Amino acid sequence: MSIDQQRRILARQLRPLAVRQYAESRQWTPIEGARGRFWLFRHPEQQLRQLQIPMDADDAGFTDAMLDVVQRLAELERRPIDAVLADLQWPDADVLRVRIASRDAESGQLSLTADVMLREGARRALLASACSVINPVAVHPRMSRGEADAMLAACRAGQTEVGSYVLKIICPLHAVSRDLELADPIPFTRKVTTHLMRATADLVESIEHSRVEAYLETHAERPMLSWNLCDALLRMQPEQNAGQLELSTTWAADPRLPPPPETDTPSRVAIKAEYIPEIQRAAQILRPSPASNREEMLIGTVEILSGVVGADGRRSGEVQFSLLLPDSDPLRVRANLDPEQYADAVRAHESGRGYVRLHGVLHRGQRIGRIDPLRALQLLDEQAAYLPTDTA
């Protein structure tokens with residue numbers, strides 16, 4: 001089936017009243033006195049731009065007329081026509097898009113592991129925001145509340161879209177029953193989606209202006225940002241720490257609930273790969289680990305050597321290890337090695353299955369951790385790797 005055929009099928013399924021409400025929610029102005037079975041609207045700023053929305057889905061020219069409406073909306077909103085068509089299928093929902101923009105994702109594909117992490121991170125981001133709407137604290141030990149669970153159960157994952165790798169999550173506005181809704185005319189779902197976009201945008205702005213600590217201190221009594229949301233954002237980051245993660249939201253087509261002002265709640269936030277260490281630091285501030293500075297003995301294998309030759313002709317620098325941990329699967333970590341340590345790492349790597357003992361401070365990450373500082377590195381034989389080691 002061609003793209004044009006797919007678009008015609010989607011356009012034929014549109015509900016006229018829903019398209020009208022979408023236009024009204026975007027501040028299009030109705031023009032009274034139009035003759036015929038259609039609604040006529042004028043753009044709020046470009047007065048010569050008009051929409052002619054057909055009223056009757058059984059009319060012979062309905063599909064072509066709707067495609068014309070969608071095309072005009074897409075041009076003015078500077079969005080792909082397929083994205084606008086998809087949003088009009090769910091007029092009573094906020095649509096969250098999570099996009100990975102990286103070299104690996106250019107073809108619209110990700111590794112299976114990255115896809116799983118992306119979806120789980122998006123789920124946790126919505127849950128974290130829902131819990132913060134109910135109870136704004138730095139850490140949510142259990143992200144399970146009646147309103148949050150009901151909203152998440154109603155969300156739907158839409159088809160991935162063109163544009164690197166785009167995950168779409170449909171969040172129905174009235175997913176939460178009135179019995180669970182907070183005493184506020186704004187639906188709980190809208191509170192969650194605006195909180196997610198606003199908290200993420202505030203975090204990015206604080207990183208770009210080098211004031212993460214000041215931002216967290218300002219909101220210490222009623223945190224906008226939680227450790228759980230930081231954790232979710234880290235899970236969604238591109239592989240190899242390259243490219244960027246983008247969150248965007250298309251607000252529901254409800255004229256009674258207009259989109260939030262862009263100056264207050266941006267509809268798009270980009271998180272560059274170089275921001276990852278600052279997000280990790282924010283997470284550490286929000287949830288400091290009591291063992292964060294404890295040195296320990298670790299066993300692992302050398303996986304990747306990325307050192308460079310210095311002025312003295314000796315190689316040193318970053319090495320990636322795979323650690324054997326008793327409580328989890330192998331953990332990949334990075335560490336910076338001096339020339340002596342690097343030479344031992346090279347010998348371990350060349351042996352094929354050589355193990356090393358590392359003495360330092362382990363900082364765990366969602367995708368990859370680090371050892372900093374690394375106090376010592378010692379080569380081990382294969383049998384010694386399975387012997388118990390003491391922690392320091």
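Is Cys155 buried or exposed at 11% relative accessibility? In this predicted model, Cys155 counts as buried at that value. The protein chain has 392 residues, of which 47% are buried, and its secondary structure comprises 11 helices and 14 strands.

**Overall dimensions and contacts**

- Taken along the principal axes, the box filled by the C-alpha atoms of the protein chain is roughly 85 × 50 × 35 Å.
- Among contacts in the protein chain with a separation of 6 or more, 65% are between residues 24 or more positions apart.

**Cysteines**

- A disulfide is a covalent bond between the sulfur atoms of two cysteines.
- The structure contains zero disulfides.
- Cys131 takes part in no disulfide, and the nearest cysteine sulfur, belonging to Cys155, lies 13 Å away.
- The relative accessible area of Cys131 is 3%, so this residue is buried.
- For Cys155, the closest cysteine sulfur is that of Cys171, at 3.8 Å, which is too far for a bond because a disulfide requires the two sulfur atoms to be within 2.5 Å.

**Helices H5 and H6**

- Helix H5 spans residues 112–134 and helix H6 spans residues 146–154; their axes come within 9 Å and cross at roughly 145°.
- The crossing of H5 and H6 is right-handed.
- On the H5 side, the contact is made by Arg123, Leu126, Leu127, Ala130 and Ile134.
- On the H6 side, Glu147, Ala148, Asp149, Met151 and Leu152 make the contact.
- Sorted by class, the residues in the contact of H5 with H6 are seven nonpolar, three charged and no polar.

**Helix H9**

- Helix H9 (residues 227–236) is mostly covered, with nine of its 10 residues buried.
- The buried residues of H9 are Asn228, Leu229, Cys230, Asp231, Ala232, Leu233, Leu234, Arg235 and Met236.
- Helical elements that cover the buried residues of H9 include H5, helix H7 (188–208) and helix H10 (276–286).
- Strands also contribute to this cover, including E4 (93–101), E7 (244–250) and E8 (268–272).

**The sheet E1-E2-E3**

- Strands of a sheet pair through backbone hydrogen bonds, either parallel or antiparallel.
- Three strands, in the order E1-E2-E3, form an open sheet with antiparallel pairing.
- Strands E1 (29–30) and E3 (50–54) stand at the edges; each has a single partner strand, so one side of each is left without a neighbour in the sheet.
- Five bridges link strand E2 (residues 38–42) to E3 in the antiparallel sense, and Leu40 stands opposite Gln52 in E3.
- Helix H2 (residues 16–25) packs on the sheet, where it touches E2 and E3, and its direction makes about 160° with that of E3.

- Side chains alternate along strand E12 (residues 331–337): Leu331, Val333, Ala335 and Leu337 point to one face and are buried.
- Strand E11 (residues 315–324) runs antiparallel to E12 and is joined to it by seven bridges; Leu323 stands opposite Leu331 in E12.
- With strand E14 (residues 369–380), E12 pairs in the parallel sense over two bridges, and Arg334 has Arg370 in E14 as its bridge partner.

How values were computed
Residues are numbered from 1 along each chain as its sequence is written. This is a predicted model: local features need pLDDT of at least 70, side-chain atom pairs count only at pLDDT 80 or more; totals for chains, interfaces and linings use all residues. Side-chain values use heavy atoms; hydrogens and water are left out. Buried means under 20% relative accessible area, exposed over 50%, partly exposed in between (1.4 Å probe, protein chains only). Helices (H or I, at least four residues) and strands (E, at least two) are DSSP runs, numbered from the N terminus. Two strands pair if DSSP finds at least two bridges between them. Axes are lines fitted to C-alpha atoms, for helices over the stretch in contact, and angles run from 0 to 180 degrees between N-to-C directions. A crossing is left-handed if the near helix is turned anticlockwise from the far one by less than a right angle, and right-handed if clockwise. Contact means heavy atoms within 4.5 Å. Ala, Val, Leu, Ile, Met, Phe, Trp, Tyr, Cys and Pro count as nonpolar, Asp, Glu, Lys and Arg as charged, and the others, Gly among them, as polar.
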